[in-house]
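Please look over the sequence and the model shown here before reading on. The paragraphs that follow go from the overall division of the chain to its individual residues.

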Amino acid sequence: MILVTGGAGYIGSHTAISLVELGHSIIIADDFSNSKPETVEVVQKITGKSVATHRIDVTDRDALERIFQNHQLEGVIHFAGYKAVGESVIDPIKYYKNNIISTLNIADLCVKYNVLKFVFSSSATVYGDNASPLTENMMLLPTTNPYGETKAMCERILHDISIANPQMQISLLRYFNPVGAHESGLIGENPNGIPNNLMPYITQVASGTLKKLSIFGNDYPTIDGTGVRDFIHVEDLAKGHVAALEHLSEGVHIHNLGTGKGTSVLQLVKAFEKVNQIEIPYEIVERRPGDLAKCYADVSKAERELGWKAEKTIEDMCRDAWNFEKNLKSKM
Ligand code: UFG
């Protein structure tokens, strides 16, 4: 049995589906602070299996411990966490408290109950301004916001826990830019308020919810001057988690989950327009503080060690993201 914290969230729900489809039994723990219970119903509908779900905040150690007491857990995949970069600058205490305490609680209970496998949602943000392609052995550099710092700190904490508890099997997965949605169109990314991230912004411009996209800068040293990112389809990312879980062994194992290919903001907009036959009005505005020119992965380690590689294309990502947004709109 695998405990999936944040299993109703964007990446968590896709991973929950992959896990169940590949024969794992799971329990979800989610406080639904940035997700909806209906998403778990969709996970059950897609997989045809029922999934036990506990509405708890994983910073509540007692509530979390009851799950460890009542189930024979084999491992934990820990997604639950706050992830809005801008909000983390405004309210750092909220971010440090939530993201660090949840990770500490889980690790503590894993040690106490001899649950050896721990997969942690990290982020490419821990590379700071190292030059791309980014490799897992690079030194972590300061990030530009408290959210990023919580990811780097949790990585360090888990390293120390591994030294003290060498039987633990820890996977740190550094995500690049997850986009797209489940091919069914039933689950995807549905941020509250105005989206911070590029793809949800584009889909909301496409649906008419937002007027036009602001592209943050076109004077970067990149192919067309706009920022370059490694966009990865969320279904590929989900499968990467299952591969990481299934290949775990003692110690800490770090893997990039990306495609290894850089795509510029403008290239993504053009691909979206072409695949979906919709025009995306945009304007070029000032650079966004804290943004890097380029951020893309070296994915050879994941391919070599996990036998996993992203398969979906930018076109798949654009089509599936739009398909989900259309579905969402039609329900409103
Ligand atoms: N961008 C725009 N307009 C927008 C939104 C974004 O031009 O309205 C641009 C950004 O300037 C950047 C690119 O689109 O060049 C991607 O921006 P996102 O906000 O979608 O993603 P980031 O690469 O900034 O950040 C993402 C995650 C973080 C994570 C980081 C890791 O949101 O959680 O990747 O590299 F830390």
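Which domains does the domain assignment of the protein chain give? In this predicted model, the assignment gives domain 1, made up of residues 2-179, 232-260 and 299-311, and domain 2, made up of residues 198-227, 262-295 and 315-330. When the centres of domain 1 and domain 2 are taken over C-alpha atoms, they are separated by 26 Å.

We turn next to the interface. Contact between the two domains involves 13 residues of domain 1 and 9 residues of domain 2. The size of an interface is often given as the accessible area lost when the parts come together. Between domain 1 and domain 2 the buried area is about 790 Å², and 69% of this comes from carbon and sulfur atoms. Of the area that domain 1 buries against domain 2, 50% is supplied by Ser132, Val179 and His233, which is more than any other three residues supply. On the side of domain 1 that touches domain 2, the residues divide into 5 nonpolar, 6 polar and 2 charged.

Helix α3 covers residues 61-70, and its residues Ala63, Leu64, Glu65, Ile67 and Phe68 are buried. An α-helix has 3.6 residues a turn, so residues three or four places apart point the same way. Against which elements do the buried residues of α3 pack? Their partners are the strands β1 (2-5), β2 (26-30), β3 (52-55) and β4 (75-78), together with helix α5 (92-112).

Ala16 lies in helix α1, which spans residues 10-21. Why does Ala16 count as buried? It does so because its relative accessibility is 0%, where the cut-off for a buried residue is under 20% relative accessible area. Once its neighbours within four places in sequence are left aside, Ala16 is in contact with Gly7, Ile26, Ile28 and Val43. From Ala16 to Lys312 there are 296 residues in sequence, and the C-alpha atoms of these two residues are 19 Å apart in space.

Thr203, finally, has its place in helix α7, residues 198-206. With a relative accessible area of 4%, Thr203 is likewise buried. Leaving aside neighbours within four places in sequence, Thr203 is in contact with Phe272, Ala321, Trp322 and Glu325.

Definitions and conventions
Residues are numbered from 1 along each chain as its sequence is written. This is a predicted model: local features need pLDDT of at least 70, side-chain atom pairs count only at pLDDT 80 or more; totals for chains, interfaces and linings use all residues. Side-chain values use heavy atoms; hydrogens and water are left out. Domain bounds come from an automatic or database domain assignment. Contact means heavy atoms within 4.5 Å. Buried area is the accessible area (1.4 Å probe) that two parts lose on being put together, summed over both. Ala, Val, Leu, Ile, Met, Phe, Trp, Tyr, Cys and Pro count as nonpolar, Asp, Glu, Lys and Arg as charged, and the others, Gly among them, as polar. Buried means under 20% relative accessible area, exposed over 50%, partly exposed in between (1.4 Å probe, protein chains only). Helices (H or I, at least four residues) and strands (E, at least two) are DSSP runs, numbered from the N terminus.
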